[in-house]
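My entries follow in the order of the look-up.

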Amino acid sequence: MSSMMKILEKVSGLAVAPVSSDTDKQNDILCQELPFKVLEYPTGSKHNGWIIPHNWEVLKAEIKKDGKLIYDGKKHPLGVIGLSEPFSGTVSLSELKKHLYFFEKSPEDIVYHCDQYYKPYKKLWGFSVPYNLYKTLTAGDYDVELITLHTEGRMKVLEYTLQGKSPKTIIFNAHNCHAAQINDGPAGYAVLVEVMKKLSQQSTKYSYRLIIAPEHIGTVFYLASLKPKEIDNFKLGIFMEMVGNDNEFALQQSFTGESYIDKIAHHILKFDAASYWSDTFRKIVGNDESVWEAPGYEVPMISLSRCEPKTLYPQYHLSSDTVDIIKPEKLEETVDVTMAMIDVIEKNCYLKRKFTGLIALSNPQYDLYISPGSDPSIKNEALADQAKWSELMNYLPRYFDESISILDIAIKHDLPFRQVYAYLLKFKEKGLVEFIEKDLF
Ligand SMILES: [Zn+2]
């Protein structure tokens, strides 16, 4: 089993919340994977109208009728609505129904009710129940014993930084607050943990930071706690969730849709992913990209998922979002495309020629000629599109004036960055060009 699947197995079934003992357990599991810095923020803290909810635990959650147990909300971490108030008493069926939540289209499932985490002042009590149970309830009195504990605590934000030569930082972010759900949350952080493990094996030009935190609330308080100078270093970002299921990639663009990370993501997904679709900011999913992109921070952040338009995926915010719907090869593919995006960030540069006039690229001294119809000169890579490569070869010398980056050349000629870079590396080795580093973002 891959290390990503092992993480997902370990966190399965945990009653995580913005602040809970199981969230601490989950953080301990993650801290065994990477040496995260654990940042803490007291519950009850307020910022811009956001409030960190209390540490919340469910001790008992029973609904009985005529002494018979009808429902035990403790049996599944979604059985009680998030941050539910306690309640004990006898209620009529119509009163009880006001406190039951369900999803008719998926009648076996228990639905994730998270509204109160963001509105702790609502102070509702309630249960999430399968619709199949809800529709069998008959008239009469119901005895409810719902004991929940709201205590002071500390919200934790996990931060792991790989310092590169440049302080310019690429942010990776995933959330960790969805009780007992695996694709929505853990699939994203499992991939990003794997990416950071791989990156830690190499020395990098840029810095990379992974933040795993409760959705919205975590990043709101994290960013509010940083000095503006540190935030100034955050140049690009990728939010990741729902990447383990069997859908094609969905790329949600940054706020402008025109940032460097948008350009890179489109290019890599086009060539490296089996398929993908894309839409503008907040049109696919809504997560912490809103916090990073907020005024004063304005970190361009794309969101990568495997959502379908509108419905996202069949198990979205339901108890059936378990490890059973995760495809290990989809997690692997997500690691691969993320590493490919990082490869572009690390390697992209401009070109400066060290010659004048036309070079005979077919001369064995260079061996860089690509004929329009015969074998390409790049030995180890199959060139699927001979005509495009031949055209690229003819255009390239004029690009050696530091006016266009390798990524833009690859996009212009509709060829993969990786292969164009490999071809240009040969020009460098033959002493024809210099690779010039300039500010690209
Ligand atoms: Zn969600």
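I took a cavity as a set of points, on a 1 Å grid over the protein atoms alone, where a 1.4 Å probe fits but cannot get out; lining residues have an atom within 4 Å of a point. I joined grid points across faces, edges and corners, and took a volume as the space filled by probe spheres set on the points. This is a predicted model, in which local features need pLDDT of at least 70 and side-chain atom pairs count only at pLDDT 80 or more, while totals for chains, interfaces and linings use all residues. Residues are numbered from 1 along each chain as its sequence is written, and side-chain values use heavy atoms, with hydrogens and water left out.

**Entry 1: cavities**

I found 2 cavities of 30 Å³ or more. I listed its lining as His-267, Ile-268, Phe-271, Asp-272, Ala-340, Asp-343, Val-344, Pro-416, Phe-417 and Arg-418. Helix H9 (260–272), helix H11 (328–347) and helix H14 (417–429) each give two or more residues to this lining; helices (H or I, at least four residues) and strands (E, at least two) are DSSP runs, numbered from the N terminus. H9 supplies the largest share, 4 residues.

Val-11, Leu-14, Val-16, Gln-26, His-178, Ala-180, Gln-181, Ile-182 and Pro-186 line it. I counted 6 nonpolar, 3 polar and no charged residues there.

**Entry 2: sheet and helices**

I traced an open sheet of 8 strands with mixed pairing, in the order S1-S10-S12-S11-S13-S16-S14-S15; two strands pair if DSSP finds at least two bridges between them. Strand S1 (37–42) and strand S15 (276–279) are the edges, each pairing on one side only.

Strand S14 (residues 249–252) pairs with strand S16 (residues 301–305) in the antiparallel sense over 3 bridges. Leu-251 has Leu-304 of S16 as its bridge partner.

Terms used
1 Å grid on protein atoms, 1.4 Å probe; cavity = no way out; pocket = protein on both sides within 12 Å on 5 of 7 lines; lining within 4 Å. Nonpolar A, V, L, I, M, F, W, Y, C, P; charged D, E, K, R; others polar.
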